[in-house]
Amino acid sequence: MTTTTKPAALASTAPARRPGPAALALRQGRLEITQFLRSRESVVFTMGFPVIMILIFAAIFGDEIAPGVSYTQYFITGMIATGLMTVSFQNLGIWIPIERDRGVLKRYRGTPMPSWVWFAGKVLMVVAIGIAETVLLIAVSAAMFDLKLPGTATKWLTFGWVSVLGVTACTLCGIAISSLARTARSGSAVVTPIALVLQFISGVFFVFTELPAWMQQVAAFFPLKWMCQGLRSVFLPDAFGALEPAGSFELGRVALVLVAWCVIGLVLCLTTFRWTTKRDG
């Protein structure tokens, strides 16, 4: 009696298990983070620029703008908001056109990978780098410039939802504005001036109430002003709210405006985002 054995290659006919949606998103997020960290210019600008600005402004301005509130403490809250905007709005608005111009997005589009996985990877990268940058800024500010950390769970909760809504709005707007750049080189020219103007009129470099009234009104249309205001309610004394334009921190309005910009950004993404350049058709 003879027996036959099946070749090892035929012993198992079970198909390979495909990764689930969460695994796909995590893999893409890890790839995006790795690519970001390999770009030394992006790392230095995104992570180092806010810290350098804090060191410079702290050395120049040491006066108090209110009892118990130094200009440096005020400026730090604005730089935390700016850091979140930089890693989301500015970073995406500059790098997506580069990927589009190089044909990277076109190749992604031609693969079986669902489109949402690419977007999820960008979001995970923004969240990871944004957390790292915020922790760095808070650590430097608390160690060197006596920034007082939130003392209550309510303030930490406020810090959380302001950051989440702000990053969400800026991420969506960054993806949307990336379609304005016609080439890889024009991405920075389109996004950087907008980001700088918003910083100057939103109370980052200057005390917001000392800006011209028309400038305050223009800034109120955009999310950065409200991100700064929400973070001031977290890191500055409650009494400082009386010095805000409306006489309080207006956290309800902060939430309303940031949610509105999340909706606006999502609509703009859905209607304007392009996977290819115009020359690709």
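**Reading contacts, cores, pockets and salt bridges**

Mentor: Start with one side chain. Leaving aside its neighbours within four places in sequence, Gln-90 is in contact with Phe-45, Met-85, Val-191, Thr-192 and Ala-195. Keep in mind that this is a predicted model.

Trainee: Where is Gln-90 placed?

Mentor: Gln-90 sits in helix α4.

Trainee: Is Gln-90 buried or exposed?

Mentor: Use the cut-off: buried means under 20% relative accessible area. Gln-90 has 5% relative accessibility, so Gln-90 counts as buried.

Trainee: Let me try the reading on Ser-70. Which element holds Ser-70?

Mentor: Strand β2, residues 69–70. At 17% relative accessibility, Ser-70 counts as buried.

Trainee: And what is Ser-70 in contact with, leaving aside its neighbours within four places in sequence?

Mentor: Asp-63, Glu-64 and Ile-65.

Trainee: On to the core. How many residues does the largest nonpolar core have?

Mentor: The count is 76 residues. Look for the residues with the most contacts inside this core: Phe-75 and Phe-235. Then ask which element gives the largest share. That is helix α4, residues 71–101, with 15 residues of this core.

Trainee: Which residues is Phe-235 in contact with, once its neighbours within four places in sequence are left aside?

Mentor: Thr-77, Ile-80, Ile-138, Leu-147, Lys-148, Pro-150 and Phe-159. Click through them in the viewer.

Trainee: What is the make-up of the largest pocket's lining by class?

Mentor: Count by class: 18 nonpolar, five polar and no charged residues.

Trainee: Take me through the second largest pocket. What is its volume?

Mentor: The second largest pocket has a volume of about 300 Å³. Its lining has 16 residues, with Phe-89, Cys-173, Ile-177, Trp-261 and Leu-268 closest to the centre. Two or more lining residues come from each of α4, α7, α8 (186–201), α10 and α11.

Trainee: Which element gives the largest share of the second largest pocket's lining?

Mentor: Helix α7, with four residues. By class, the lining of the second largest pocket has 14 nonpolar, two polar and no charged residues.

Trainee: So where do charges pair? What is the general idea?

Mentor: Side chains of opposite charge can pair when their charged atoms come close. In this structure there are five salt bridges.

Trainee: How far apart are the closest N and O atoms of Glu-32 and Lys-122?

Mentor: They are 3.0 Å apart, and the two residues form a salt bridge. Glu-32 lies in helix α2 (residues 21–38) and Lys-122 in helix α6, so this pair ties together parts 90 residues apart in sequence.

Trainee: Are Glu-32 and Lys-122 buried or exposed?

Mentor: Glu-32 is buried, with a relative accessible area of 4%. Lys-122 is buried too, at 3%.

Trainee: What else does Lys-122 form a salt bridge with?

Mentor: Glu-99, with the closest N and O atoms 2.9 Å apart. Lys-122 lies in helix α6 and Glu-99 in helix α4, so the pair ties together parts that are 23 residues apart in sequence. Glu-99 counts as buried at 11% relative accessibility.

Trainee: Which residues are linked in a network of salt bridges?

Mentor: Glu-32, Glu-99 and Lys-122.

Trainee: One last residue. Where is Glu-250?

Mentor: Glu-250 is in the loop between α10 (223–235) and α11 (251–272). Check the backbone there. Glu-250 has a positive phi of about 50°, although it is not a glycine.

Trainee: Which residue forms a salt bridge with Glu-250?

Mentor: Arg-253, with the closest N and O atoms 3.4 Å apart. Arg-253 counts as partly exposed, at 48% relative accessibility.

How values were computed. Residues numbered from 1 in each chain as written. Predicted model: local features only at pLDDT ≥ 70, side-chain atom pairs only at ≥ 80, totals over all residues. Heavy atoms only, no water. Core = buried A, V, L, I, M, F, W, Y, C linked by side-chain atoms within 4.5 Å. Buried < 20%, exposed > 50% of the residue type's maximum accessible area, 1.4 Å probe, protein only. Contact = heavy atoms within 4.5 Å. Nonpolar A, V, L, I, M, F, W, Y, C, P; charged D, E, K, R; others polar. 1 Å grid on protein atoms, 1.4 Å probe; cavity = no way out; pocket = protein on both sides within 12 Å on 5 of 7 lines; lining within 4 Å. Points joined across faces, edges and corners; volume = space filled by probe spheres on them. Salt bridge = Lys/Arg side-chain N within 4 Å of Asp/Glu carboxyl O.
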